[in-house]
Amino acid sequence: MTSPSQPDVVDGRAPDDIARLADPALTAVIVRLPERPPWLDELEQAVVAGKLLVERTTLESVSLDDFASWARDALADAPAGVSAALRDDMAGIVAQVMETARIGRVMVRVFTEAPTRRCGFHVDTVPPQAPTIGALRVYNGATTEYVHGEDVLGMAEFYGYLAHRERLSREAARAGWTKGFTGGEAFDELVAMDERPSFLRTRTVIHQVPPDATVYFRHLDVRRHWSPHPVSDAWIHRSPMCGGARLVLNVSPAERVPVRRPGPE
């Protein structure tokens, strides 16, 4: 269990701070921009107005060049003052994950969507034996919510909550809530679960990532998902439950770190 004197989520001011995730007590480093560049204001206006639209896309395993090629095509219709700066910013985050994890391929998810209740608190996973450091950037609108490890009762309680919530989400979806319906027993119970997550200690504060920040955070080897691993092994977070359209970038390792074998004498 993380102690109050040793937080598991810390602020960073420079890319070098990401290396702090080598500390097993940390689950996330939040790197803030030193100042807000003007193109982010134009980006926000374009997303809200529907002029910058990226359909939900998952690039399963891409190199930096692959991603740059995709971004040139996907953002070709973005406002002129936004396109190049956004491509460079996204590529910089992808490159930072690759450098930190010492890999050449990542999975990238990008989309512009309004948040829903489809997904509550969760941990992100990586393939077996892949590095566990990834990144999340919300470019506009409501930012990601998270909890500190010291406020989590335990992973057994968390996974019990997660299993129950996933079942309710499926039931609510079958009732049609993803198409605008916001009623019924499953949906009402889902809302209650989100307001008072059962895996958290009483009077826990749910934190929110600051605007204009990139979170570099610990993922979980997928083989350990649903197991009673330490709370500090992954960052527990969720999207906001409502709000306007947002542009979101999520990057995670897609390959194992090559094993270095000694060469011939």
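Author: A residue is called buried when its relative accessible area is under 20%, exposed when it is over 50%, and partly exposed in between, using a 1.4 Å probe and protein chains only. The model is predicted, so that local features need pLDDT of at least 70 and side-chain atom pairs count only at pLDDT 80 or more, while totals for chains, interfaces and linings use all residues. Residues are numbered from 1 along each chain as its sequence is written, and side-chain values use heavy atoms, with hydrogens and water left out.

Helices (H or I, at least four residues) and strands (E, at least two) are DSSP runs numbered from the N terminus.

Two strands pair with β6, pairing being assigned if DSSP finds at least two bridges between them. Strand β9, residues 213–218, runs antiparallel to β6 and is joined to it by 5 bridges; here G134 stands opposite F217. Strand β12, residues 246–253, is also antiparallel to β6, with 4 bridges, and V251 is the bridge partner of A135.

The loop that lies between β5 (125–126) and β6 contains Q129. Most residues other than glycine have a negative phi. Q129 has a positive phi, near 65°. With a relative accessible area of 43%, Q129 is partly exposed. R102, in the loop between α3 and β4, likewise has a positive phi, near 60°. R102 is exposed, with a relative accessible area of 57%.

A nonpolar core is a set of buried Ala, Val, Leu, Ile, Met, Phe, Trp, Tyr and Cys residues joined through side-chain atoms within 4.5 Å. The largest such core has 39 residues, of which L52, F67, L86, V108, Y139 and L247 touch the most other members. Among the elements that each supply at least two residues of this core are β6, β12, β4 (106–113) and α3 (80–101). Helix α3 gives the largest share, 8 residues. Contact means heavy atoms within 4.5 Å. Leaving out residues up to four places away in sequence, Y139 touches W39, L40, L43, L86, D89, M90, I93, L247 and L249. A second, separate core of 22 residues includes V123, M155, L168 and L200.

Helix α4 may be considered next. Y159 is found in helix α4 and is buried, with a relative accessible area of 6%. Apart from its neighbours within four places in sequence, Y159 is in contact with V123, L220, R224, H225, W226, S227 and H229. The C-alpha atoms of Y159 and H225 are separated by 8.8 Å, although the two residues are 66 residues apart along the chain.
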